[in-house]
Amino acid sequence: MVSLHERLQADTAPVLDLALSRVLLMDNRVWPWLILVPLREGAVEIHRLSAEDRATLMEEIALASRVVERLFAPDKLNVGALGNMVPQLHVHVIGRTQGDPAWPGPVWGSGHAAPYEPAHRDALVARLAEAFRESDA
């Protein structure tokens with residue numbers, strides 16, 4: 001079993017596991033923000049995954065993007081794998097709207113962060129998990 005980097009554990013809530021990736025909700029209610037973590041020991045870079053895993057990851061990114069679009073209707077999706085602070089391979093899928101606090105700049109370093117109230121976070125996790133299950137069927 002692959003363990004999550006301590007920062008991912010501290011900053012997210014688990015949603016569900018897909019074929020390759022664990023889906024996490026970033027604990028920041030400012031944006032609808034998912035993180036996909038491929039469950040491969042030592043994975044750091046996308047190009048170092050097997051061809052099969054790369055293809056699966058791309059499909060999972062597309063699935064997460066559809067879920068965010070359907071539930072939150074953002075104006076734009078930001079998808080990225082940075083890894084400067086957390087070396088474990090993970091991909092961000094963030095719904096952005098014109099006029100959000102960091103628009104049109106990046107969310108990273110914007111200074112805008114507000115954790116979810118636990119009950120709201122838990123309800124959103126359940127809603128996201130259901131949306132993934134419906135989309136994957």
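1. The peptide bond joining Trp-103 and Pro-104 is cis, with omega of about 0°. Most peptide bonds are trans.

2. Before going on, a word on what you are looking at. This is a predicted model, in which local features need pLDDT of at least 70 and side-chain atom pairs count only at pLDDT 80 or more, while totals for chains, interfaces and linings use all residues. Residues are numbered from 1 along each chain as its sequence is written, and side-chain values use heavy atoms, with hydrogens and water left out.

3. Now turn to Arg-96, found in strand β5. Arg-96 has a relative accessible area of 1% and is therefore buried (buried means under 20% relative accessible area, exposed over 50%, partly exposed in between, with a 1.4 Å probe and protein chains only). Leaving aside neighbours within four places in sequence, its contacts (heavy atoms within 4.5 Å) include Trp-31, Asp-75, Trp-103, Pro-104 and Gly-105. The side chain of Arg-96 also reaches the backbone oxygen of Gly-105 at 2.9 Å. Along the chain, Arg-96 and Phe-72 are 24 residues apart, and their C-alpha atoms are separated by 9.3 Å.

4. Most residues other than glycine have a negative phi. Ala-73 counts as exposed, because its relative accessibility is 56%.

5. Which residues have the most contacts inside the largest nonpolar core? They are Val-15, Val-23, Leu-25, Leu-34, Val-93, Leu-128 and Phe-132, in a core of 28 residues. Such a core is a set of buried Ala, Val, Leu, Ile, Met, Phe, Trp, Tyr and Cys residues joined through side-chain atoms within 4.5 Å. Two or more residues come from each of β1 (12-17), β2 (21-26), β3 (33-38), α2 (51-72), β5 (91-96) and α3 (118-136). Apart from this core lies another, of 12 residues, among them Leu-8, Leu-24, Trp-31 and Trp-33. In soluble globular proteins, nonpolar side chains tend to be buried together.

6. Thr-12 lies in strand β1 and is buried, with a relative accessible area of 14%; its side chain reaches the backbone oxygen of Leu-8 at 2.5 Å. Arg-22 lies in strand β2 and is buried as well, at 15%. A polar contact of 2.7 Å joins the side chains of Arg-22 and Asp-17; such a contact is a pair of N or O atoms within 3.5 Å, where within protein one must be able to donate a hydrogen and the other to accept it, and residues adjacent in sequence count only if both atoms are side-chain atoms.

Note on methods: Helix = DSSP H or I, 4+ residues; strand = E, 2+ residues; numbered from the N terminus.
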